[in-house]
Amino acid sequence: MEPQLSWYLALSAVLFTIGVTGVIIKRNVIAMFMCIELMLNAVNLTFVAFASFFQDVIGQLFVFIVMTVAAAEAAVGLGIIIAIFRNRESLDVDEASILKL
Amino acid sequence: MLALLFILFAGMAIGCALAVVAQRNPLYSAISLVGVFISLACLYVTLAAPFIAAVQVIVYAGAIMVLVVFVIMLLNVEQEERGRNRLKFLVPTAIVLAGVLIAEVAFMLFSVNNPTPAVSNIGLTSSIGTQLFTRYLLPFEITSILLLMAIVGAMTLARRGGLLSADARVIPGAQQLPRSLVDPRATPDDLRLVETDSTVEAGRLLGIDQRNTQKD
């Protein structure tokens with residue numbers, strides 16, 4: 001039996017949900033960041049599955065661009081995390097509820 | 001055969017994803033996340049997308065996760081202490097939403113009509129490159145601008161506050177500093193410059209303790 005498109009979509013939905021759950025329940029900002037990466041990957045899986053099943057290269061191009069955005073997000077996001085840690089000595093997002101540094 | 005591989009790697013991906021959320025130590029979360037990336041790369045291979053699979057391993061599992069692990073170790077994150085449950089009122093909502101998700105997944109599994117996959121060359125590097133450099137050239141260029149902005153932004157954020165004032169000019173080799181910065185008696189509109197030949201000399205003129213700056 002060949003894997004069906006719906007299998008990949010279901011897997012992607014499950015991974016995305018796990019990522020959302022992580023963002024909601026985690027309090028460490030780096031752990032939240034990693035859960036966001038997980039959500040981006042779930043979306044990438046959907047794109048690749050559709051590209052493969054519909055014989056269209058655009059899906060894979062989009063994955064390429066999503067990866068670039070993820071890399072940019074990692075660079076800027078970790079810079080922000082370091083700046084917050086330097087000012088607050090803590091990575092707890094509850095303690096960083098005031099945006100003013 | 002492909003179904004067997006799908007079940008294997010999907011199980012690995014879900015297990016590692018659950019571990020990412022369940023672990024209290026961020027470093028273990030990061031390692032589990034690498035597991036998710038690797039198993040997703042294997043799934044991409046079964047979907048006939050070898051280029052994306054390779055980029056997934058190199059960029060995600062390689063570059064991004066190394067950056068994350070580096071920051072975790074740099075900040076010396078302590079283990080997340082078991083805290084109070086601040087989401088008590090959200091538990092019923094979560095149960096309802098989980099039910100909705102399960103219903104959606106079941107709907108997808110049973111009602112989406114499945115096109116048959118055909119052997120093709122859409123996932124090959126050459127076909128992706130051809131499209132990327134002809135028809136989709138504009139998104140590609142915008143991506144490069146985005147990366148440039150990210151580099152500048154990361155540098156700006158991670159930089160420690162400047163030691164020199166805004167009107168100080170630093171030129172490699174011969175550094176020129178406004179006299180008002182060095183000499184407290186000089187009037188602010190004294191525009192004569194003081195020249196130094198090295199960073200150490202400039203620091204001495206400005207009264208910055210070298211040991212302190214090196215420790216930072």
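Ala48(B) has 20 C-beta neighbours inside 10 Å and therefore counts as buried. A residue is called buried if 20 or more other C-beta atoms lie within 10 Å of its own, exposed if 12 or fewer do, and partly exposed in between, with C-beta atoms placed from the backbone. The structure is a predicted model, in which local features need pLDDT of at least 70 and side-chain atom pairs count only at pLDDT 80 or more, while totals for chains, interfaces and linings use all residues. Residues are numbered from 1 along each chain as its sequence is written, and chains are lettered from A and ligands numbered from 1 in the order in which they are written.

Helices are DSSP runs of H or I with at least four residues, and strands are runs of E with at least two, numbered from the N terminus.

| Residue | Phi | Loop |
|---|---|---|
| Ala48(B) | positive, about 60 degrees | between α2 (26-46) and α3 (50-75) of chain B |
| Gln55(A) | positive, about 55 degrees | between α2 (29-53) and α3 (58-88) of chain A |

Ala48(B) is not a glycine, and Gln55(A) is not a glycine. Gln55(A) counts as partly exposed because it has 14 C-beta neighbours inside 10 Å.

**The contact between the chains**

Chain A contributes 59 residues to the contact and chain B contributes 65 residues; two residues are in contact if their C-beta atoms, placed from the backbone, lie within 7 Å. On the side of chain A that touches chain B, the elements giving two or more residues are α1 (5-25), α2 and α3 of chain A. The largest share, 21 residues, comes from α3(A). By class, this side of chain A has 43 nonpolar, 12 polar and 4 charged residues. Here Ala, Val, Leu, Ile, Met, Phe, Trp, Tyr, Cys and Pro count as nonpolar, Asp, Glu, Lys and Arg as charged, and the others, Gly among them, as polar.

**A helix pair across the contact**

The axes of α2(A) and α3(B) come within 12 Å and cross at roughly 175 degrees. The two helices α2(A) and α3(B) are therefore roughly antiparallel, a term for angles over 145 degrees. In this pair, Ile30(A), Met34(A), Glu37(A) and Val48(A) of α2(A) meet residues of α3(B), including Ile52(B) and Ile64(B). The contact of α2(A) with α3(B) has 8 nonpolar, no polar and 1 charged residues.

**Helix α4 of chain B**

Helix α4 (residues 91-111) of chain B has 21 residues and reaches 30 Å from its first C-alpha to its last, close to the 30 Å expected at 1.5 Å a residue. α4(B) is hardly covered, with 0 buried residues among its 21.

Definitions and conventions. Expected span 1.5 Å × (residues − 1). Axes fitted to C-alpha atoms, helices over the stretch in contact; angles between N-to-C directions. Parallel < 35°, antiparallel > 145°, perpendicular 65-115°, else oblique.
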